[in-house]
Amino acid sequence: MATRFTLSCSLQYPALAVAARHFRSQPFCLKASSLSLPKYYPTQLPKSPPCPLWSSSFLLCLHSLHWSAKTSTRSTTTVRSFAAASPSKSTVSQPPSGMTSVGDKNPLLTDFNFPPFDSIEAEHVLPGIRALLKELEGELEELEKTVEPTWPKLVEPLEKIIDRITVVWGAINHLKSVKDSSELRAAIEEVQPEKVAFDLKLSQSKPIYNAYKAIRESPDWDSLSDARKRIVETSIEEAILSGIALEDDKREQFNKIEQELAKLSRKFEENVLDATKKYEKVITDKKDIEGLPATALGLAAQTAVTKGHENATAENGPWIITLDAPSFMSVMQHARNRTLREEVYRAYVTRASSGDLDNTPIIDQILQLRLEKAKLLGYNNHGEVSMATKMATVDKALELLEKIRAASWDPAVKDMEDLKQFSKSQGALEADNLNHWDLSFWSERLRESKYEINEEELRPYFSLPKVMDGLFNLAKMLFGINIEAADGLAPVWNNDVRFYCVNDSSGSTIAYFYFDPYSRPSEKRGGAWMDEVVSRSRVLSRDGVSPRLPVAHMVCNQMPPVGNKPSLMTFREVETVFHEFGHSLQHMLTKQDEGLVAGIRKIEWDAVELPSQFMENWCYHRDTLMGIAKHYETGESLPEDIYKKLLAARTFRAGSLSLRQLRFATVDLELHTKYVPGGSESIYDVDRRVSERTQVLPPLPDDRFLCSFSHIFAGGYAAGYYSYKWAEVLSADAFSAFEDAGLHDEKAVKETGNRFRETILALGGGKAPLEVFVEFRGREPSPEALLRHNGLLPVTASA
């Protein structure tokens, strides 16, 4: 693959998520940074503009030791390794050493331990990236002259080259996702072709390719570790998929396609962000927003203040509604004003589909270029190219989707009938003609009636600090790690961002991560995601002894604190945090010292959701949930009867939610396997055809959700969205190991958790995912647990 990937949340995950997920249009829980990486760079990195993931009141493990590259004084001419120094609590308590600056002290050209996110500006991008590329091109040329088919003479110097551009480019693109500006966009747009050209030069290097093949054919092959064999085999395969075997004229055509795809994906994502920001609905009459909960009114008034209505209040307005997820979902679920719901819904599903921000022609170009690229590589379509590096095949993926669709259809039809009957019983005039802007509203009312659960009334029990405390306590029990706040150790891009260190049971630091929890619609793209900052690596060790430690970041878009209240979360937002933390755990708890297969790298895309979806299951585990569900004012625990109702409501409208996910996955595969760009069918015709089998209520004629489907057009999920379902089988079966051991038996849970850590989380991409799963579970995966969790089989007594 030619894209650096981030893990971001799916539009809905799992299929049983409730209405709040219906409209999540940002990507695995992985995100795709929408810009190319060399083929030799692990292409299975989850989520960048392809998913996702909250600050807390923990005791600091450090005093404020804020530092950045701009304070350094020693100069050098190169960029060295980029990560946190190695593991000991003592190293965490001191500012990392070795920060040196280059030239005019461009923060991108410094020897930093953590990226200087607070110092990087748009003006640094062009000179910084160009200087780095010039240096790395020289190193690549030297490597090509001296390369030998040995680890020290091939893989180690190659990993250093890849790491340096990956870390710097990753920092720039991360800022574009969380702190977007027109200046930053322009700088990236100008230098991106040079970056892509370097990636292609690296991925199409014949000397490197031949050296890898020589290693595979050498008599020492059998003595290599599993991890090293995976690096060699996947590097050869990825080089072929990067066009290395093409004749000169075809390779030139291939490279032009790669350049254009990088540009189009970046533009697609920018259009989505701009279209989302563009919509604002100013409301001055409180009757127009009846039904909205206090949290939503507070957010709407707070938004109004930032837009110049300095006297806006939650009680008296004015209020501003946006298409940012917290605002949008509040309207869909709670606004009694049906006209308002319709307006906001139509605006949402037509984002980036008209005027200067229209993504329709961009989608057509992307699909055409992907098809041309597949043909050049000898494949029939892009779907086959995508599956070349996955567990599944196109046929197997479609078979799975159809099995789930067949099981979901009748329950979804019944869901719709239930909504009609309930809304009619409530005197709704629209009961016999429910439309899309009615479904979430009446689903929420039905859920409140059936289970006596009001999601908004539950928010006070899920304050961000308590949720994070509970999540970290769960991680300690399951995996034997301690997570402590380390604010001030690393520069951050916004004052709301938290920084944490992860310690093992002996107190040694083994990883770090950033957490950016709140929505900032003016500068931050939607969705939730996890990505790596740096990976664990023996080669990039600071001291030559201990491996460089992994660093991750998790990003969410939940409602920020309003007034003196902390961020109060919906249960769905709690699940999202657990989900993205699962991705981060696989990155941070890896024990692979080979950097190219450490953490989430080289894991097949349809297996990478396993840890994230696995972690979601713990939100329904009684001890875990009761540990985080404490009223933010009184400290009162969530009432036991409410917990039981949450458990009972887990499969509410499961059929409908499953079908929605299947629509996304199926239209993705259709567009990348059967669709003919410029043919008789438009992309919207394909979506409508797919919807006939996956949606009880057909989409609106003007539905243009594809224009904001960033997963597949600006990220790593092209012909891969089915992966959420594929991995759901794995994750449900993995969690069932804990059920089998006994969820109330803490000793058994800890033992099973340690086994999960030592296999699923520790082995990274160094082993095929099926082998890793069998090592954990003792057998191949079974769909039984997924069917049971989805309510299609009787639920066992163990909760």
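**Entry 1: strands**

I began with strand S10 (residues 529–534), which is joined to S11 by five bridges, the two strands running antiparallel. I note here that the model is predicted. Within this pairing I looked up Glu532 and found its bridge partner in S11 to be Ala552.

I then turned to S9 and S11, which pair in the parallel sense over six bridges. Here I picked Phe513, and its bridge partner in S11 is Ala552.

Next I checked how covered strand S11 (residues 551–558) is, and eight of its eight residues are buried. In a regular strand, side chains alternate between the two faces of the sheet.

**Entry 2: cores**

Which residues have the most contacts inside the largest nonpolar core? I found Phe513, Phe581 and Trp618, in a core of 83 residues. Helix H16 (residues 464–479) gives the most to this core, with nine residues.

I listed the contacts of Phe513, leaving out residues up to four places away in sequence. Among them are Phe472, Ile483, Phe499, Tyr500, Val502, Ala552, Met554, Phe581 and Met588, and Arg498 is also touched.

I noted another core lying apart from this one, with 67 residues, including Val125, Ile129, Ile162 and Ile215.

**Entry 3: aromatic rings**

I counted aromatic pairs and got 40. I took Phe117 and Tyr514 as one case: their ring centres are 5.5 Å apart and their planes stand at 85°, so I recorded the pair as edge-to-face. Where do the two residues sit? I placed Phe117 in the loop between strand S4 (100–101) and helix H2 (122–146), and Tyr514 in strand S9 (residues 509–518). They are 397 residues apart, and the pair links distant parts of the chain. Both Phe117 and Tyr514 are buried.

I looked at Phe441 and Trp442 as well, and this aromatic pair is edge-to-face, with 5.1 Å centre to centre and 85° between the planes.

Arg341 lies over its face, at 4.3 Å from the ring centre. The charged end of Arg445 sits over the ring of Phe441 too, 4.8 Å from the centre.

Last, I wrote down one aromatic cluster, formed by Phe479, Phe614, Trp618, Phe735, Phe738, Phe756 and Phe776. Trp618 had already come up in my entry on the largest nonpolar core.

Note on methods
Residues numbered from 1 in each chain as written. Predicted model: local features only at pLDDT ≥ 70, side-chain atom pairs only at ≥ 80, totals over all residues. Heavy atoms only, no water. Phe/Tyr/Trp six-rings, centres within 6.5 Å; stacked < 30°, edge-to-face > 60°. Helix = DSSP H or I, 4+ residues; strand = E, 2+ residues; numbered from the N terminus. Buried < 20%, exposed > 50% of the residue type's maximum accessible area, 1.4 Å probe, protein only. Lys NZ or Arg CZ within 6 Å of the ring centre and 35° of its normal. Core = buried A, V, L, I, M, F, W, Y, C linked by side-chain atoms within 4.5 Å. Contact = heavy atoms within 4.5 Å. Pairing = 2+ DSSP bridges.
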